[in-house]
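Biologist: Can you put the model up and take me through it? I would like to ask things as we go.

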Amino acid sequence: MVKTFGEFLIFMQSMLVRKERLGTLWQRTLDEAILIGIDSVFIVAIVSAFIGAVTCVQIAYNLVNPLIPKSTIGFMVREMTILELAPTITSIVLAGKVGSSIAGGLGTMRITEQVDALEVMGINSASYLVLPKIVAAMLMFPLLVVLAMVLSITGGYLAGTLSGAMSAQEYVEGIRTDFVPYNIVFALIKSVVFAFLVSAISSYKGYYTKGGALEVGAASTGAVTNSIIAILLADYVLAAVLL
C-alpha cells in the first residue's frame, strides 16, 4: 500500500515536468470538460431530482408530530442536499461514469502502445493525457454539484406539493429558514477535492495498466472502487476539519 501511494505521488509529480504548451493543454482541457461535464448532466439531473423528491416524501412520512411545523421538511431537505447528498452522491455517481471512462481510455491507450508512442515523440504523456482530465474534472464537478443542489431542492418541492404533504409556501419558508451561506462553500470545497480524487485515482489505474482487454476492465473496476472509498474517507475528514 505504501509502495502504491509512493508511485501515485511520483505519477502526480511527473505531470508537472516537461509540460506541453499552455494553448495545447487548454484545448485538451476543454475537450475533457465536455466529456466529463456536459455528457454527465443528464445522469446527474435524474439522480439529484429523484433523491430530493424521495428525501422530501420520506421526511414528511416520518414527521407526524403536530407540534413540528411542516416547514421543517423543507429545511431538512435543504440541509441534507447542500451538506451531503448533492456533493457526495453526485461525486459517487460520477466516479462510476467518469472514473471508469478515464481508466478504460488510458488503459486501452497503454496496452495498444499509444502512450509509448507519445513518449517516443518526446511528449510527456502524463502531462498531455492526464493533467487536462484532472483540471477539467476540478472545473466541472462544482458546476454539476450546483446543478444537483438546485434540482434536488426543486424535486423536493414538486414531491412535497404534488403529494399534498405540505403547501408550496411552507416548503419555501423551510428552505429559507436559518440559511448558512458557508454550507455552499463547504459543498463546493468537497466537490473540488472529490473531483481530484476521482480523476487522479482513475488516471493512475488506467495509466499503469498492463496486459490486455481483461486487465483494462479490471483497472476500470478498481478505479471506481478506489475512488468511492477515497470519496467517503475524504468526506469524513473534510466534515471533521471544516465544520
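Predicted model: local features only at pLDDT ≥ 70, side-chain atom pairs only at ≥ 80, totals over all residues.

Biologist: How many salt bridges does the structure hold?

Modeller: There are six. A salt bridge here is a side-chain nitrogen of Lys or Arg within 4 Å of a carboxyl oxygen of Asp or Glu. In general, side chains of opposite charge can pair when their charged atoms come close.

Biologist: Which residue does Lys190 meet in a salt bridge?

Modeller: Its partner is Glu84, at 3.3 Å from N to O. Lys190 lies in helix 8 and Glu84 in helix 4 (residues 71-111), so the pair ties together parts that are 106 residues apart in sequence. Helices (H or I, at least four residues) are DSSP runs, numbered from the N terminus.

Biologist: Is Lys190 buried or exposed?

Modeller: Lys190 is buried, because its relative accessible area is 1%. Glu84 has 33%, so it is partly exposed. Buried means under 20% relative accessible area, exposed over 50%, and partly exposed in between, with a 1.4 Å probe and protein chains only.

Biologist: And what does Arg28 pair with?

Modeller: Arg28 forms a salt bridge with Glu32, and their closest N and O atoms are 3.5 Å apart. The two are four residues apart in helix 2 (residues 22-36), so about one helical turn separates them.

Biologist: What about Arg110?

Modeller: The side chain of Arg110 meets that of Asp116 in a salt bridge, 3.2 Å from N to O. Arg110 counts as buried because its relative accessibility is 19%, while Asp116 is partly exposed at 33%.

Biologist: Which residues do shared partners join into one network?

Modeller: Arg28, Glu32 and Lys133 are joined that way by salt bridges.

Biologist: New topic. How much space lies in the largest pocket?

Modeller: About 490 Å³. Of its 13 lining residues, the closest to the centre are Met1, Thr4, Phe5, Ile201 and Asn226. A pocket is an open set of points on a 1 Å grid over the protein atoms alone, with protein on both sides within 12 Å along at least five of seven lines, and lining residues have an atom within 4 Å of a point. Its volume is the space filled by probe spheres set on the points, which are joined across faces, edges and corners.

Biologist: Which helix gives the most to the lining?

Modeller: Helix 9 does, with five residues.

Biologist: Where does Ile228 lie?

Modeller: Ile228 is in helix 9 (residues 213-242). With a relative accessible area of 25%, Ile228 is partly exposed. Leaving out residues up to four places away in sequence, Ile228 touches Ile92 and Ala95, where contact means heavy atoms within 4.5 Å.

Biologist: And Ser202, buried or exposed?

Modeller: Ser202 is buried, with a relative accessible area of 0%. Ser202 sits in helix 8. Beyond residues up to four places away in sequence, Ser202 touches several others, including Gly99, Ala223 and Ser227.

Biologist: Last one. Where does Val180 lie?

Modeller: Val180 is in the loop between helix 7 (168-175) and helix 8 (182-207). Val180 counts as partly exposed because its relative accessibility is 38%.

Key: Residues numbered from 1 in each chain as written. Heavy atoms only, no water. 1 Å grid on protein atoms, 1.4 Å probe; cavity = no way out; pocket = protein on both sides within 12 Å on 5 of 7 lines; lining within 4 Å.
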